[in-house]
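Please have the sequence and the 3D view open side by side.

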Amino acid sequence: MADENKQKVIPAYLPLETRVLEASDILYCGVCSLPPEFCSFGSTAETCLTWLKQNNAQLLTKIYPNETNEFLSEVNEKVSELSLEDEKKSASKSTETKAEKDKKKKPANSINHKVLVKRVDRNKRKFVTVVSGLENFDVDLKKAAKQFANKFACGSSVTKNAAGTSDEIVVQGDFLDDIVVLISSTYKH
């Protein structure tokens, strides 16, 4: 029975066909589906790191020893900054009346309109560029979408945003810098 518990040592000089490799359990990231050692090379490194902090702190200390020290120091700083006075202040802030909140709001005429251009991950290596806020500057979104499609030789469409409140232009591909230059040169409002 003592012989059964010992692991078999297979010499490396034997041909590969005679060696038997045993399967091992490998942990895969819940965000990018790669082993955690390779998460830092993907486009979702920050979200992978937070996933690893939540699910396997022991492996996190092996792979990213500097990250865990920074994370622990941030947590310790935030905990030391907390006090009962802060809790009382936050409780009093949440009890503001609706009338007080309405007074703090700016009038509708003084709203600063901005054009938001962002890159959104569609798949692992595919991106779309989303342009929103052009309708505030009286730009015809369909014409602008067609101009983007012609300029960048890609698909472009006008869709509702996730909240369903306003329209936005979705351009297939990563054209973040190019679109910013094109918008600033074409639409000078």
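Which residues does S132 touch, not counting residues up to four places away in sequence? S132 touches K114, V115, L116 and E168, where contact means heavy atoms within 4.5 Å. Before going further, a word on the ground rules: this is a predicted model, in which local features need pLDDT of at least 70 and side-chain atom pairs count only at pLDDT 80 or more, while totals for chains, interfaces and linings use all residues. Residues are numbered from 1 along each chain as its sequence is written, and side-chain values use heavy atoms, with hydrogens and water left out.

Back to S132, which is found in strand β2, residues 127–132. Helices (H or I, at least four residues) and strands (E, at least two) are DSSP runs, numbered from the N terminus. With a relative accessibility of 17%, S132 counts as buried; the cut-offs are under 20% relative accessible area for buried, over 50% for exposed and in between for partly exposed, with a 1.4 Å probe and protein chains only. V117 lies 15 residues from S132 in sequence, and their C-alpha atoms are 6.5 Å apart in space.

Now zoom out to the chain. It has 8 helices and 4 strands, and reading along the sequence gives the pattern α-α-α-α-α-α-β-β-α-β-β-α. Of the 189 residues in the chain, 21% are buried. Among contacts with a separation of 6 or more, 39% come from residues 24 or more positions apart.

Confidence is highest in helix α7 (residues 141–152), at a mean of 92, and lowest in helix α6 (residues 98–104), at 51. Where pLDDT is low, the predicted coordinates should not be read in detail.

On the α7 side, Q147, F148, K151 and F152 meet D178, I179, L182, I183 and T186 in α8. The residues of this contact divide into 5 nonpolar, 2 polar and 2 charged, counting Ala, Val, Leu, Ile, Met, Phe, Trp, Tyr, Cys and Pro as nonpolar, Asp, Glu, Lys and Arg as charged, and the others, Gly among them, as polar.

Finally, visit the loops. P36 is found in the loop between α1 and α2 and, at 2% relative accessibility, counts as buried. Leaving aside neighbours within four places in sequence, P36 is in contact with L27, C29, L52, L59, I63 and Y64. L52 is 16 residues from P36 along the chain, with 7.5 Å between their C-alpha atoms.

The loop between α1 (2–5) and α2 (45–55) also holds S33, which is partly exposed, with a relative accessible area of 42%. Most residues other than glycine have a negative phi. S33, however, has a positive phi near 60°, and phi of D138 is also positive, near 55°. D138 sits in the loop between β2 and α7 and counts as exposed, at 75% relative accessibility.

Note on methods. pLDDT = per-residue confidence, 0-100.
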